Amino acid sequence: GVPGAGLYKSDDAGDSWTLLPSTTGPNFRYIQKVVVTQSSTVLVSTRESLNEGGQAGIYRSTDGGANWTLVITGRSGDIEIASNGDIYANRNFTQSSSIIKSTDDGVSWDDVTPTGGNTPRRIEMAIAPSQSSVSNETVIYAVAQDNSSSREVAWLRRSNDGGAIWSDLDIPNYREQNCSLSTQDFTRWLAFYDLILAVKPDDPDVFTLGGINVLRSTDGGSNTEEVSYWTFEGNPCDDFVHADQHEAVFRPGFPNEAIFG
């Protein structure tokens, strides 16, 4: 929600940074995510710059950010890359949002949005990293904010075939400070703000789900349990981790260690 200056680039592993001149205009004021594909293509998702014009969408660069091509129009959010090179993105996350997929390094895209259920708005995705003995790069989890309320979770779903077929998973409920389950979902109706997914690198059936607190499933989403709680006052329901989960990253090479933002 706060405008930036554009996209910065480092050529020395983060010791120094340079603002890319190609990104100083209104098209890049609100960057939502940046990813780099296996062929060094850079993809950036954006939304429009308020009161400045600009074109929202997914921008693609094949020359390190010197030049950009707008490959998808409309407000865009999450972008995820599977280990086989397939790319998934959230397009038009303000209304009737969709999941789109590219199998050609971001040049062209197909719609693989789950059908049925409530209309999604913001969508967060996570792909099994396929670091186990079995290829799992087509296992995808997706969680969506409900477009009608702008706060509730619309659905939580899983696909085993790269987005062709999706199955519904139960949406966990939030626990009150007395540790009883409430009628609110795990984001406490703040899905527009705190919503994140990550899959354990060596097991496609283990994933973390972030809302107010951190949740975890070990059976592909059939059951989900809360593993952290936002306050340590009174009678804490779980180990203390501050409220509102925005990011989840497993440490490379250490599948039992993760960092949450």
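1. Let's start with the disulfide, meaning a pair of cysteine sulfur atoms within 2.5 Å. A search of the whole structure turns up one: Cys179 and Cys237, with their sulfur atoms 2.1 Å apart. The link is left-handed, with -105 degrees about the S-S bond. It joins distant parts of the chain, 58 residues apart: Cys179 sits in the loop between strand S15 (173–175) and strand S16 (181–185), and Cys237 in the loop between strand S20 (225–226) and strand S21 (248–251). Strands here are DSSP runs (E, at least two residues), numbered from the N terminus.

2. Some ground rules before going on. This is a predicted model, where local features need pLDDT of at least 70, side-chain atom pairs count only at pLDDT 80 or more, and totals for chains, interfaces and linings use all residues. Residues are numbered from 1 along each chain as its sequence is written, and side-chain values use heavy atoms, with hydrogens and water left out.

3. Are the two cysteines buried or exposed? Buried means under 20% relative accessible area, exposed over 50%, and partly exposed in between (1.4 Å probe, protein chains only). Cys237 is buried at 12% relative accessibility, whereas Cys179 has 26% and counts as partly exposed.

4. On to salt bridges (a side-chain nitrogen of Lys or Arg within 4 Å of a carboxyl oxygen of Asp or Glu). The whole structure has 13. Lys33, Asp78 and Glu80 are linked in a network of them. The closest N and O atoms are 2.9 Å apart for Asp78 and Lys33. Asp78 lies in strand S7 (residues 76–81) and Lys33 in strand S3, so this pair ties together parts 45 residues apart in sequence. For Lys33 and Glu80 the closest N and O atoms are 2.8 Å apart; Glu80 also lies in strand S7, so here the parts tied together are 47 residues apart. Asp78 is buried, with a relative accessible area of 4%, while Lys33 is partly exposed at 23%.

5. Another salt bridge to look at is Asp86 with Lys101, with the closest N and O atoms 3.9 Å apart. Asp86 is in the loop between S7 and strand S8 (87–91), and Lys101 is in strand S9, 15 residues apart. Asp86 is buried at 13% relative accessible area, and Lys101 is buried at 17%.

6. Now the core. A nonpolar core is a set of buried Ala, Val, Leu, Ile, Met, Phe, Trp, Tyr and Cys residues joined through side-chain atoms within 4.5 Å. The largest has 16 residues, and Tyr141, Val143, Phe186, Leu197, Phe207 and Leu209 touch the most other members. Strand S12 (140–146), strand S13 (153–159), S17 and strand S18 (207–210) each give two or more residues to this core. Apart from it lies another core, of 13 residues, among them Ala82, Met125, Ile140 and Trp155.

7. There is also an open, antiparallel sheet of four strands, in the order S17-S18-S19-S20. Strands pair if DSSP finds at least two bridges between them. S17 (196–199) and S20 stand at the edges with a single partner strand each, so one side of each has no neighbour in the sheet. S19 (residues 214–217) and S20 run antiparallel and are joined by two bridges; Leu215 has Glu226 in S20 as its bridge partner.

8. Last, two backbone spots to check. Most residues other than glycine have a negative phi. Ser40 has a positive phi near 70 degrees, in the loop between strand S3 (30–36) and strand S4 (42–47). Asp105 also has a positive phi, about 70 degrees, and is found in the loop between strand S9 (98–102) and strand S10 (110–111).
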